[in-house]
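Me: I'm new to reading protein models. Could you walk me through some features, one at a time?

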Amino acid sequence: MKKNLLLLTVLIFVACGVSAQKFSNLAPTPPMGWNSWNKFQCNVSETLIKETADAMVSTGLAEAGYQYVVIDDCWHGDRDSLGMIHENPETFPSGMKALADYIHSKNLKFGIYSCAGYKTCAGYPAGRGHEYQDAIQYAKWEVDYLKYDWCNSRALNAEGSYMTIRDALYAAGRPIVLSICEWGSNKPWKWASKYGQLWRTTPDIAPYFDQWKNSHGYDWDVMHIVDRQMSDSVRFYAGPNAWNDPDMLEVGNGMTVSEDRSHFTLWCILAAPLMLGNDLRNISQETLSILTNKEVIAIDQDPLGYEGWRISSENYVEIWVKPLKDSSWAVCFLNRSNQEKVYTIDWSKINVKDDFTMSILDPSSHVYNVRDVWNHKDCGTTAKSMSVTIPIHDVFCVVLK
Ligand code: GLA
């Protein structure tokens with residue numbers, strides 16, 4: 001009798017261990033993919049999503065590492081009499097499972113959106129009170145990624161709400177990346193890694209115009225977001241399976257090529273999730289070459305998972321750094337001014353000793369090779385200073401090895 005009890009206890013422990021393992025390590029590096037919201041808002045349909053999946057493969061984006069295809073708000077139909085959620089039958093006539101199968105057949109992963117409140121931000125039926133049912137439905141549909149928003153949450157407690165959906169996903173048994181989207185309102189960097197793999201740190205990236213730096217000051221343009229990321233020590237909370245999310249990319253949505261390049265570079269320095277927000281079916285060569293630059297993506301995807309930071313800002317030129325594996329460093333110079341800058345880099349003056357990551361960058365006592373990651377060029381070593389011209393709102397970015 002005692003023996004059987006022991007065996008049962010051992011089996012339960014093993015089963016719990018196996019199921020916990022299933023949900024661990026879902027995002028060892030920042031997730032990469034595409035999300036419908038920035039470009040299409042509520043104009044989503046199964047045709048758009050299938051064409052996007054096709055384009056992700058045919059453009060080489062999938063090969064560069066993008067894998068999640070995420071439908072944001074507005075895919076929803078009604079709940080049935082039992083409370084189960086269904087897709088809008090007009091825009092998704094073949095159903096979500098068929099769409100998931102299509103996406104999986106391309107070797108991509110399928111993502112969906114809901115919200116902790118009683119309605120989504122666009123007013124569709126959301127998760128509150130239906131978390132366990134929704135998680136079962138997502139598991140049946142073979143969803144791989146869930147973005148979970150925070151509209152209409154009224155007096156809900158943020159941490160408690162995300163704990164509930166996390167528990168519901170666990171109970172449904174399918175490993176699903178949980179992207180927490182509560183806009184940084186309750187400092188999620190302090191608690192969200194217990195529940196999800198990424199969490200938004202700010203309100204929405206300026207959606208329509210002036211995405212680089214707008215004049216009203218209340219929209220979250222790219223510059224405003226990167227400044228926000230430098231406060232509250234948010235970088236200390238990032239790491240494998242726990243990413244600060246400064247929101248989805250606006251590359252290809254109307255900024256200049258220089259601004260797109262800087263936006264992308266900064267997101268990589270910040271170890272941010274790289275969720276494309278443009279129309280992949282009509283993508284220019286210039287945009288594509290930014291989004292598929294493997295040397296820059298490697299900075300984002302570095303396995304150490306450190307979030308980089310700004311070490312200086314002088315005359316509108318900022319220096320951003322990120323420690324990488326094998327003691328190498330990404331070092332990027334951002335021209336925030338409205339004029340081209342001719343800038344002389346004296347490497348010996350760029351010394352960093354970071355107590356958090358325990359990493360040291362010390363070109364004054366160690367000679368590094370300098371690799372320009374945008375132009376794919378080796379540029380000598382840090383033994384000599386160098387002069388670079390940085391166009392308006394552009395970056396010069398190197399990896400020091
Ligand atoms: C919120 C989110 C956005 C997007 C919209 C959809 O504003 O922060 O990213 O998901 O809702 O309605």
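Reply: Arg166, for instance, lies in helix α7, residues 158-172. Keep in mind that this is a predicted model, where local features need pLDDT of at least 70, side-chain atom pairs count only at pLDDT 80 or more, and totals for chains, interfaces and linings use all residues. Residues are numbered from 1 along each chain as its sequence is written, and side-chain values use heavy atoms, with hydrogens and water left out.

Me: Is Arg166 buried or exposed?

Reply: Buried means under 20% relative accessible area, exposed means over 50%, and partly exposed is in between (1.4 Å probe, protein chains only). Arg166 has 17% relative accessibility, so it counts as buried.

Me: Which residues is Arg166 in contact with, leaving aside its neighbours within four places in sequence?

Reply: Contact means heavy atoms within 4.5 Å. With those neighbours left aside, Arg166 is in contact with Leu178, Lys194 and Tyr195.

Me: And what joins the side chains of Arg166 and Asp167?

Reply: A polar contact of 2.8 Å. The term stands for a pair of N or O atoms within 3.5 Å; within protein, one must be able to donate a hydrogen and the other to accept it, and residues adjacent in sequence count only if both atoms are side-chain atoms. Gln211 gives another case: its side chain is joined to that of Glu250 by a polar contact of 3.2 Å. Gln211 lies in the loop between β8 (198-200) and α8 (222-229), and at 4% relative accessibility it counts as buried.

Me: How many salt bridges does the structure hold?

Reply: It holds 25. A salt bridge is a side-chain nitrogen of Lys or Arg within 4 Å of a carboxyl oxygen of Asp or Glu. One of them pairs Glu51 with Arg281, with the closest N and O atoms 2.8 Å apart. This pair links distant parts of the chain, 230 residues apart: Glu51 sits in helix α3 (residues 46-58), and Arg281 in the loop between β10 (274-276) and α10 (285-291).

Note on methods. Helices (H or I, at least four residues) and strands (E, at least two) are DSSP runs, numbered from the N terminus.
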